Amino acid sequence: MGERDETEARFQAWVARQDGSPQPRMFDPPSRWENRISTAIAVTVSVLIWAVVLLGLVRCVGQAMAQPAAQPSVHNPFDRGAPPPRSAPERPRRAPAGLSDAEIAKSLIAESIAGYDGPCACPYQHDRAGRSCGRRSAYNRPRGAKPLCSEADVTPEMLAAARSRR
C-alpha cells in the first residue's frame, strides 16, 4: 500500500500545479526594441518579395504589350491561335535539259518533299505549331516514307533517270 500512497501524492502534486499556478518561464520575453527590430526585418523582407513579384508581372505584361497583335507569340505556350491556312505545295517545274547536277538534285528534293503528305518530311522543316521537326520527321523514322532531304540522298542513278525524263 505504500507504493499506492506515493503515486497518489505525486498525482495530487501534479493537480496542484495544474490549478492555475503560474509556470516558471523558460526564457525572458523580448524587449520593446527587440520586437521593433524583428518587425522591421519582417516588413523589409516582405516588401522585397512583393517588389520582385510585381517587377516580374510588369515585365511579363510589358512583353505581352510589345508583341504585335497580328502575330501570335512564339514564346507563349498558352497562345493557341488558329494555324495558318494550309495551301497546296508548289510542284517544281520540269528542268530544261541543260541543268547541272546540283540543280537537278534540288528539283528532285523539292519533288520528294512536295509528294510527302504531312508537315514533317525533313528534319530541318517546321510543323504547323512552328516547332522544328527534328527527330519526328519522316526522314528519321525507321519505317515508312523516305523523302529526299539533302543532295547527299540523291544517287547518280536518280540523276541519270531525271536527265532521261527531261
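Trainee: Is the disulfide of C120 and C133 left-handed or right-handed?
Mentor: In this predicted model, the torsion about the S-S bond of C120 and C133 is about -70°, so that disulfide is left-handed. The two sulfur atoms are 2.1 Å apart.
Trainee: Where do C120 and C133 lie?
Mentor: Both C120 and C133 lie in the loop between α3 and α4, so their bond ties together parts that are 13 residues apart in sequence. C120 is buried at a relative accessible area of 9%, and C133 is buried at 2%.
Trainee: How many disulfides does the whole structure hold?
Mentor: The search finds two. C122 and C149 form a disulfide with sulfur atoms 1.9 Å apart. C122 and C149 also lie in the loop between α3 and α4, so this pair ties together parts that are 27 residues apart in sequence.
Trainee: And is C122 buried or exposed?
Mentor: C122 is buried, with a relative accessible area of 0%.
Trainee: What is the pairing of the bonded cysteines, numbered in sequence order?
Mentor: The pairing is 1-3, 2-4.
Trainee: Turning to the helices, how many does the chain have?
Mentor: The chain has four helices and zero strands.
Trainee: Which helix do the buried residues of α3 pack against?
Mentor: They pack against α4, residues 156–165. The buried residues of α3 include I104, L108 and I109.
Trainee: What span should α3 have, at 1.5 Å a residue?
Mentor: The 15 residues of α3, 101–115, should span 21 Å, and the end C-alpha atoms are 21 Å apart, which agrees.

How values were computed
Residues are numbered from 1 along each chain as its sequence is written. This is a predicted model: local features need pLDDT of at least 70, side-chain atom pairs count only at pLDDT 80 or more; totals for chains, interfaces and linings use all residues. Side-chain values use heavy atoms; hydrogens and water are left out. Helices (H or I, at least four residues) and strands (E, at least two) are DSSP runs, numbered from the N terminus. The expected span of a helix is 1.5 Å times one less than its number of residues. Buried means under 20% relative accessible area, exposed over 50%, partly exposed in between (1.4 Å probe, protein chains only). Contact means heavy atoms within 4.5 Å. A disulfide is a pair of cysteine sulfur atoms within 2.5 Å.
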